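Dear colleague,

I am passing on the structure that follows, together with an account of what was found in it. Please read the text beside the coordinates.

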Amino acid sequence: MKRGDEKIRKIARQYSTNKIEIDCVIFNFENNSLKVLLVKQQDHEGIISWKLASDYIKKGETILSTAHNILKNYIGGDQFFLEQLKAFSYQPSSSLKEDISIAYYALVKRDSSKDTIANSDVKWIGIREIAGLNDKHKIILDFSLKELRRNICKSAVGFNLLPEKFTLLQVINLYEEILGIEINKSNFRRKLLQTGIVHDSNEKEEDVSHRAARFYSLNIRQHEVLSQRDINFNF
């Protein structure tokens with residue numbers, strides 16, 4: 001056996017034993033705040049920290065099925081938008097070899113997710129309040145936020161975070177929260193209505209102290225189409 005062949009086989013053995021982890025950044029929008037689902041973890045010394053929802057690919061599972069199982073475990077059902085971001089490489093502190101993480105981001109409606117508040121091992125936290133994530137999850141979270149901001153400016157994907165019926169002000173608040181900017185409300189309303197992706201539901205808010213706002217709903221039903229429908233808000 002040639003020395004070069006042995007070196008190649010050694011590298012192949014190393015990478016064949018590498019673990020592939022699926023990390024999911026799960027977003028929801030509640031009380032005009034963009035939130036991320038975090039999961040409690042405890043190390044061997046009893047130190048508690050929080051991390052993104054994740055799991056390793058098990059025998060018989062695929063990358064996508066693992067991501068779906070993570071969402072179903074923490075959210076319940078299958079009413080969510082899920083998109084793969086990219087693969088990240090990282091070196092665990094307890095190992096010299098490089099492991100692989102494949103990241104997804106998910107958008108869920110708070111009223112369609114199962115109640116996780118009673119579970120002390122899971123919490124929703126505002127993106128501006130997140131602290132203490134490990135370096136890998138910080139990088140994944142930052143990257144997912146950039147992708148979300150980019151995608152909501154060119155598609156209708158952000159509507160996956162809104163209830164079935166919503167006011168135009170809720171849409172504006174959603175975009176302002178995610179993009180971190182103040183939007184010209186009248187211009188935004190005009191541009192949104194011109195796209196034709198929403199229609200008047202002929203319903204209004206009830207039992208409110210202010211002027212009742214009209215409810216709108218989507219003309220588009222499939223989640224896949226929401227991510228493909230071209231929109232350009234020119235923020």
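In what follows, a residue is called buried when its relative accessible area is under 20%, exposed when that area is over 50%, and partly exposed in between, with a 1.4 Å probe and protein chains only. By that definition Phe188, at 3% relative accessibility, counts as buried. This is a predicted model, in which local features need pLDDT of at least 70 and side-chain atom pairs count only at pLDDT 80 or more, whereas totals for chains, interfaces and linings use all residues. Residues are numbered from 1 along each chain as its sequence is written, and side-chain values use heavy atoms, with hydrogens and water left out.

Overall architecture

The protein has six helices and eight strands, where helices (H or I, at least four residues) and strands (E, at least two) are DSSP runs numbered from the N terminus. Read from the N terminus, the elements follow the order α-β-β-β-α-β-β-β-α-α-α-β-β-α. Of the 235 residues in the protein, 42% are buried. The accessible surface, computed by the Shrake-Rupley method with a 1.4 Å probe and, for residues, with only the protein chains shown as cover, comes to about 13,700 Å², and 48% of this belongs to carbon and sulfur atoms. If a contact is taken as heavy atoms within 4.5 Å, then residues 24 or more positions apart account for 63% of the contacts with a separation of 6 or more.

Nonpolar cores

A nonpolar core is here a set of buried Ala, Val, Leu, Ile, Met, Phe, Trp, Tyr and Cys residues joined through side-chain atoms within 4.5 Å. The largest such core has 44 residues, of which Phe27, Val36, Tyr105, Phe159, Tyr175 and Leu192 touch the most other members. At least two residues of this core come from each of strand E1 (20–30), E2, strand E4 (80–90), E5, H3, H4, helix H5 (185–195) and strand E8 (214–218), and H4 gives the most, with seven residues. Apart from it lies another core, of 19 residues, among them Leu71, Tyr74, Phe80 and Tyr104.

Ile22, placed in strand E1, is buried with a relative accessible area of 0%. Leaving aside residues up to four places away in sequence, the residues that Ile22 touches include Ala53, Ile63, Ile70, Ile102 and Tyr104. Ile57 is also touched by Ile22, and these two residues are 35 apart in sequence and 7.1 Å apart in space, C-alpha to C-alpha.

Aromatic rings

Rings of Phe, Tyr and Trp (its six-membered ring) are paired if their centres lie within 6.5 Å, and planes under 30 degrees apart count as stacked, over 60 as edge-to-face and the rest as tilted. The count by this rule comes to five aromatic pairs. One of them is the tilted pair of Phe159 and Phe166, at 5.5 Å centre to centre and 50 degrees between the planes, and both of these residues are buried. Tyr175 and Phe188 also form a tilted pair, at 5.3 Å and 55 degrees, which links distant parts of the chain, with Tyr175 in helix H4 and Phe188 in helix H5, 13 residues apart. Tyr175 is buried, at 1% relative accessibility. Phe27, Phe81 and Tyr105 form one aromatic cluster.

A charge is said to sit over a ring if NZ of Lys or CZ of Arg is within 6 Å of the ring centre and within 35 degrees of the ring normal. In this way Lys86 lies over the face of Phe143, at 4.8 Å from the ring centre, and Lys123 over the face of Trp50, at 4.2 Å.

Salt bridges

With a salt bridge defined as a side-chain nitrogen of Lys or Arg within 4 Å of a carboxyl oxygen of Asp or Glu, the count comes to ten. Glu203 and Lys165 meet in one, at 2.3 Å from N to O; Glu203 lies in strand E7 (residues 198–204) and Lys165 in the loop between helix H3 (135–152) and helix H4 (168–179), so the pair ties together parts that are 38 residues apart in sequence. Glu203 is partly exposed at 33% relative accessibility, as is Lys165 at 38%. Lys35 forms a salt bridge with Glu30, with the closest N and O atoms 3.9 Å apart; Lys35 is buried, at 18%, whereas Glu30 is partly exposed, at 24%. Finally, Glu21, Asp23 and Lys136 are linked in a network of salt bridges.

With kind regards
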